[in-house]
Amino acid sequence: MSVQSPTYYIRTFGCQMNAHDSERMAGMLESEGYARVEQPDDASVVLFNTCCIRENADQKLYGNLGHMKALKDTRPDLRIVVGGCLAQKDKDVIQRRAPYVDVVLGTHNLASLPRLLRESTAGPAFEILEQTEVFPSALPSRRMSSWHAWVSISIGCNNSCTFCIVPAVRGREVSRRLGDIVAEVESLVADGVVEVTLLGQNVNSYGRDLDGTPMFSKLLRALDRVVGLERIRFTSPHPKDFRADSVAAMAECAAVCEHIHLPAQSGSDSCLKRMKRAYTRSSYLEKVRMVRAAIPGVAITTDIIVGFPGETEAEFQDTLTLVEEARYDQAFTFQYSPRPMTSAADLPDHLPKEVVQERFERLIALQNGFSLESNRRMLGNTFEVLVEGPSKKDPSRASGRTRTNKLVHFLDDGATQGSLRTIRVIAARPHHVEGELVDGPRRDAKRSMSLPLVGAGTACDACG
Ligand code: SF4
């Protein structure tokens with residue numbers, strides 16, 4: 001790297017959408033001649049891409065900005081940038097609490113980053129727009145992976161879940177043209193990508209703003225025809241919009257993985273009503289049954305909020321019985337915390353912390369049993385795994401994901417990142433399985449899932 005090259009450090013908080021936005025911001029900076037560095041101390045530009053979904057997001061940001069202030073005091077030419085959802089929501093607060101920040105930009109104007117950086121040499125450059133001016137996918141990108149890519153199919157959300165701040169910071173739903181998405185995926189595959197994850201706040205309403213009717217199944221079928229694309233994932237569908245045509249496309253398209261994340265949030269109709277989720281427990285479970293009937297071996301995961309305002313013990317029991325009926329492979333469980341700018345924050349009867357904690361622990365114990373049961377069913381069977389690289393906990397081992405999105409750790413034989421291998425599952429834990437590589441050609445996962453090579457084994461002692 002030239003001594004003169006400007007450098008950037010980027011730190012991302014929050015969801016895949018933010019991770020993808022960071023790839024775009026990094027891409028823009030690199031096309032302007034910036035080089036990436038791994039430490040803020042080495043950077044001429046430090047960028048925080050923020051999230052406001054979780055509690056304490058602002059404390060985390062201002063903690064980080066406090067450290068940057070000390071750095072900026074010693075290097076006044078350092079540029080500090082704050083982008084993302086918290087910036088969209090709190091521009092004035094950032095200006096007041098951290099006046100040494102040089103650039104603030106929101107979720108709708110990523111493309112302005114290079115211009116705002118130039119303008120900031122003359123003083124702070126803060127710009128928040130209310131609508132997206134350039135779809136982020138039109139911007140250059142610096143992907144974090146050579147074999148996987150996030151592909152944004154829509155931005156924003158037209159729903160009004162009472163606990164969620166996304167519509168306030170990401171705006172109304174806007175879909176990309178189907179042809180543009182297919183063209184992007186074709187070019188990603190030509191560049192070595194074998195797996196894409198389609199991103200949208202509510203992927204199943206994709207296209208409604210273009211054609212008047214949702215086109216998600218059409219999109220899946222179009223992408224399934226891209227030669228060389230091995231795996232298609234997506235996140236997240238809203239249960240109310242998840243329809244039979246999408247299930248059929250999932251079942252029939254060879255590249256679409258046998259995994260669906262279907263956020264339930266609660267198993268109680270009255271609680272779902274207060275959340276404004278627009279489905280009932282029974283219509284939700286009907287969709288779970290439809291998926292299981294159409295896609296053999298499918299994995300279903302979910303999100304659940306515990307302790308939503310006014311949640312009674314009876315309502316919580318409804319959530320527990322929903323978990324028993326749905327038998328999720330995994331559940332991401334959250335303790336409710338009020339977020340500013342959401343209507344749930346103004347609901348009465350917020351629950352004491354200890355009540356929420358106790359329910360949370362009961363839910364986790366129940367779900368862990370189903371997660372382990374689901375992983376035990378894999379024992380002795382073989383699965384296609386996409387190798388992700390060394391395990392984070394034990395670099396002497398490799399990690400990968402099955403098509404059902406199960407995390408697998410296995411002894412590394414030098415397996416190449418992004419390669420598809422076959423593994424036999426030899427031990428099951430609640431949140432991952434252990435496997436061993438099996439020689440031989442990779443088999444078509446959609447056909448092989450119901451055809452185990454070897455009979456079922458036993459669970460490891462550690463998991464009981
Ligand atoms: S569907 Fe609901 S939870 Fe999801 S982004 Fe939209 S408002 Fe938020």
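**Notebook: looking around a predicted fold**

I began with overall size: for 464 residues, a compact globule would have a radius of gyration near 23 Å, and the protein chain has 23 Å, so the two agree. This radius is taken over C-alpha atoms, and the globule rule is 2.2 Å times the number of residues to the power 0.38.

A note to myself on the source: this is a predicted model, where local features need pLDDT of at least 70, side-chain atom pairs count only at pLDDT 80 or more, and totals for chains, interfaces and linings use all residues. Residues are numbered from 1 along each chain as its sequence is written.

**Entry 1: the whole chain**

I looked up the box next: along the principal axes, the C-alpha atoms of the protein chain fill roughly 70 × 55 × 50 Å. Of the 464 residues, 43% are buried (20 or more other C-beta atoms lie within 10 Å of the residue's own, with C-beta atoms placed from the backbone). I then checked contacts (C-beta atoms, placed from the backbone, within 7 Å). Among those with a separation of 6 or more, 71% link residues 24 or more positions apart.

I found 14 helices and 19 strands in the protein chain. Both are DSSP runs numbered from the N terminus, helices being H or I with at least four residues and strands E with at least two.

Two strands pair if DSSP finds at least two bridges between them.

Strand 10 (residues 195–199) and strand 11 share five bridges in the parallel sense. I picked out Thr-197, whose bridge partner in strand 11 is Arg-233.

Which way do strand 15 and strand 18 run, parallel or antiparallel? I found that strand 15 (residues 382–390) and strand 18 (residues 420–428) are antiparallel and joined by five bridges. Phe-383 stands opposite Ile-423 in strand 18.

Strand 18 also pairs with strand 19 (residues 433–437), antiparallel over five bridges. There, Val-425 has Gly-435 in strand 19 as its bridge partner. A hairpin of four residues joins strand 18 to strand 19.

Note on methods. Buried ≥ 20, exposed ≤ 12 C-beta atoms within 10 Å, placed from the backbone. Contact = placed C-beta atoms within 7 Å.
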